Structures are given as C-alpha cells and as structure tokens.
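Please examine the structure below before reading the briefing that follows.

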Amino acid sequence: MGCAGFTCSKNSLCALNILYVMVSLLMIGIAAWGKCFGLVSSFQVVGGIIGVGVFLFFVALAGLIGAMKHHQVLLFFYMIILSLVFVVQFSVSSACLAISEEQQNQLLEVGWNNSLSTQRDVEKSLNCCGFSHMDINGSCAAPCFRYGTCTTCAAKIQEHAGEVLRFVGGIGLFFSFTEILGVWLTYRYRNQKDPRANPSAFL
C-alpha cells in the first residue's frame with residue numbers, strides 16, 4: 001500500500017506522537033535533574049518547563065490513542081489543540097529570531113529584577129554580581145564577591161543571550177512545522193476508511 005494509504009497515515013501519526021512523548025519526557029527529566037542538582041533554584045522556571053512538558057505529554061498521548069483507535073473525537077480535539085500550539089509556538093519562535101539587541105536587553109533586565117532565585121543562579125554560574133551595577137554592601141552568590149573582583153552580569157549575559165535566542169527560535173520553528181505536519185496527517189487520517197472495517201462504514 002502506498003504512503004497515501006490508511007496504514008501509512010496511521011503509522012506516520014503514531015511515530016510523530018511518539019517523538020512528542022519522548023521530547024516531553026526529556027523536558028520533564030532535564031527540569032527535574034536541574035532542580036535536584038541545584039543548577040536551577042527558581043521554582044517558577046522549573047515549574048514552567050515541567051508544566052509545558054506535561055501538557056505536551058498529554059496532547060501527544062491523546063494523539064497516539066486517537067491514531068491507534070482511529071477515534072474521531074480524540075483526533076478532532078488533537079488537531080484543534082495542535083493548531084493552537086502551532087500558532088503560539090510559531091509566534092514566539094519568530095519573536096526570538098527577530099528581537100533587536102535593545103529589546104533583548106530590556107527583557108533581560110525585567111527578568112533579572114523579577115526573580116531573586118534566578119539572580120543567584122546567574123551570579124553563581126557566570127561569576128558576576130548585579131545586572132548593570134554592583135552593590136558592594138549587598139549580597140552576591142558569586143565566588144569573586146569575596147575578593148571584590150566581580151564584574152556586572154549584564155555584559156556576560158548579553159554575550160550568550162543572542163545565541164540562546166537564535167537557538168531556541170530555530171528549534172521552536174522546526175517543531176512548529178512538525179505540528180503543521182501533524183495537523184495535516186490528522187486531517188487526512190480522519191477522512192480515510194479503515195480497510196479492515198465494514199466497507200460501507202465510514203470511520
């Protein structure tokens with residue numbers, strides 16, 4: 001049977017959802033690992049990554065069950081959710097790739113000021129103190145603070161922020177196109193007849 005057939009559509013959709021399940025478990029595992037080993041102390045960051053991973057896992061699971069059983073209702077909701085996820089992910093990925101250096105600096109400063117735990121993580125990992133100025137009388141998690149040799153974190157963060165945004169934007173853009181593929185496969189698969197069923201029945 002050609003790739004336009006029922007079995008090929010089913011297997012392709014199952015393979016795509018198995019990929020999504022693996023990605024979601026990887027996201028949950030990395031976030032939990034980072035929290036356990038103290039690499040990230042911010043509960044908001046870890047909770048956000050785990051939340052996205054769990055959401056992706058359940059969406060992929062719904063798609064996998066719908067594909068295996070040719071369940072019309074599950075496949076319909078899976079198609080709608082995947083379309084919405086595509087719109088959001090494509091928008092965010094495009095914004096990551098198109099953001100200017102000035103906007104990037106503003107966002108970094110807002111993020112820095114909103115979370116003390118993130119500040120400590122960055123200061124410890126990059127060995128710097130403060131965002132654009134260092135408070136000598138304040139506290140700092142960086143080892144260099146004891147010796148008074150610290151530089152501010154803004155310059156060090158900005159060195160890597162552009163590369164990270166391009167990487168995240170590129171990965172997000174790639175996965176957004178796999179979501180469009182998933183929507184198209186689901187739409188086609190829903191409108192195909194199961195050859196093992198009664199030929200007069202439309203499933």
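**Contacts of Tyr20**

Leaving aside residues up to four places away in sequence, Tyr20 touches Leu56, Ala60, Tyr78, Leu82, Phe175, Thr178 and Glu179, where contact means heavy atoms within 4.5 Å. This is a predicted model, in which local features need pLDDT of at least 70 and side-chain atom pairs count only at pLDDT 80 or more, while totals for chains, interfaces and linings use all residues. Residues are numbered from 1 along each chain as its sequence is written, and side-chain values use heavy atoms, with hydrogens and water left out.

**Nonpolar cores**

- A nonpolar core is a set of buried Ala, Val, Leu, Ile, Met, Phe, Trp, Tyr and Cys residues joined through side-chain atoms within 4.5 Å; buried means under 20% relative accessible area (1.4 Å probe, protein chains only).
- The largest nonpolar core has 18 residues, and Leu13, Tyr20, Ala67, Tyr78, Leu82 and Tyr189 have the most contacts inside it.
- Two or more residues of this core come from each of helix H1 (6-36), helix H2 (43-69), helix H3 (72-98) and helix H6 (153-190); helices are DSSP runs (H or I, at least four residues) numbered from the N terminus.
- H1 gives the largest share of this core, six residues.
- A second, separate core of seven residues includes Trp112, Val122, Phe131 and Ala154.

**Largest pocket**

- The lining of the largest pocket divides into 25 nonpolar residues, seven polar and one charged.
- H6 gives the largest share of this lining, 11 residues.

Conventions. Buried < 20%, exposed > 50% of the residue type's maximum accessible area, 1.4 Å probe, protein only. Nonpolar A, V, L, I, M, F, W, Y, C, P; charged D, E, K, R; others polar.
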